[in-house]
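This briefing covers the confidence, fold content and nonpolar cores of one protein. Please look over the sequence and structure first.

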Amino acid sequence: MFDGKHRVGVVQHLMMAEYLAAQRNDEGTVVIWVAKHKLGDKTPATVVLDAATAEFVDRYYLLRRKIANATVDNFFVTNTGHEVNKIFDLLNAAIREKNIRYPGGDLVKVSGGWLRKQLETSAVDHEPAVAGHVAAALQHSEDTARRHYQMDSSTTAIRQHQAVVAVEQSKLMEEFICANLEMFFVGDARTKPPAYEEFRAQLLERHYMETMFPGATLTRNSYSTILERWTMNLADSIAREVVRHCRRERYKAPLGVVQLTHVARDLGCAWWTKNEFTRARLLRRVNSALQQQL
């Protein structure tokens with residue numbers, strides 16, 4: 001139910017009648033309108049469930065309607081038939097009980113804001129249309145016209161949900177490429193990597209990527225991150241090339257940023273120094289090597 005990064009009110013205040021009024025398409029996708037979900041927001045929130053998730057919710061419904069002592073008409077209730085409150089407190093209690101931690105050791109703490117920030121930050125890199133769909137799916141005020149003056153349909157709700165999925169899949173694809181750079185880049189330190197448009201076209205030719213990351217899109221910022229990682233993978237080789245050139249041209253250590261940029265340009269590899277972060281790290285490696293040869 002939280003796949004769409006909704007506020008907790010969507011789950012807490014979903015009513016039985018709203019579940020029964022849901023629309024279902026031929027693929028099994030379910031769209032539910034939830035009237036009460038956010039204080040002061042009169043526009044219903046749309047919840048889109050894929051077929052697999054909808055099957056679990058349908059199973060819960062069969063159990064829910066058997067609860068004879070329910071005191072509320074909410075879809076989700078406690079074992080005693082009361083409204084479910086403080087959902088994230090319950091989730092975090094379960095996390096503490098199972099001792100689920102981040103790689104750094106800190107205990108995971110889940111909140112609605114935490115879930116939405118993760119998505120919103122990733123959405124910034126995408127085309128305005130995608131970012132707009134994500135904002136609309138999350139009921140943000142920047143899309144006032146869509147929220148207050150346009151009638152939502154199940155088609156619109158599904159499109160918004162697809163935008164949310166696209167942002168998440170795009171981030172996963174970026175991480176996969178960074179972890180498997182040798183699959184996507186060939187050549188040595190002197191081989192210029194493909195331009196953004198060329199690399200994007202190459203990804204489209206790899207049909208398995210669409211299967212692994214459905215709906216994913218390579219943004220320019222993502223490609224910059226990938227190139228940064230690729231450049232650092234070649235850092236030692238690049239440093240050796242620069243040091244050889246410096247020795248031939250009798251450059252003296254320590255080398256500065258301007259000199260490093262000129263050397264890269266002289267070698268026909270200006271792309272080495274385009275990124276400020278990689279440029280600084282390369283400079284440290286080059287100067288370290290030059291100092292050792294003094």
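The points below are grouped by topic.

The structure is a predicted model. The protein has 294 residues, 41% of which count as buried. Its secondary structure consists of 14 helices and three strands.

**Confidence**
- The average pLDDT of the protein is 81, and 81% of the residues score at least 70.
- Over residues 144-151, pLDDT stays under 50.
- For residues 144-151 the model has 12 contacts beyond four places in sequence.
- Where pLDDT is low, the predicted coordinates should not be read in detail.

**Largest nonpolar core**
- The largest nonpolar core is made up of 37 residues.
- Within this core, I177, V242 and W272 have the most contacts.
- At least two core residues come from each of α8 (154-179), α9 (196-205), α11 (220-233), α12 (235-249), α13 (257-266) and α14 (276-292).
- The most is given by α12, which supplies six residues to this core.
- Leaving aside residues up to four places away in sequence, V242 touches L255, L260, V263, W272 and V286.

**Second core**
- A second core of 19 residues is separate and includes I32, L49, Y61 and F75.

**Contacts and surface**
- Taking contacts between residues at least 6 apart in sequence, 58% join residues at least 24 apart.
- The accessible surface of the protein is about 17,300 Å².
- Carbon and sulfur atoms account for 53% of that accessible surface.

Key
Residues are numbered from 1 along each chain as its sequence is written. This is a predicted model: local features need pLDDT of at least 70, side-chain atom pairs count only at pLDDT 80 or more; totals for chains, interfaces and linings use all residues. Side-chain values use heavy atoms; hydrogens and water are left out. pLDDT is the predictor's confidence in each residue, from 0 to 100. Contact means heavy atoms within 4.5 Å. A nonpolar core is a set of buried Ala, Val, Leu, Ile, Met, Phe, Trp, Tyr and Cys residues joined through side-chain atoms within 4.5 Å. Buried means under 20% relative accessible area, exposed over 50%, partly exposed in between (1.4 Å probe, protein chains only). Helices (H or I, at least four residues) and strands (E, at least two) are DSSP runs, numbered from the N terminus. Accessible areas come from the Shrake-Rupley method with a 1.4 Å probe; for residues, only the protein chains shown count as cover.
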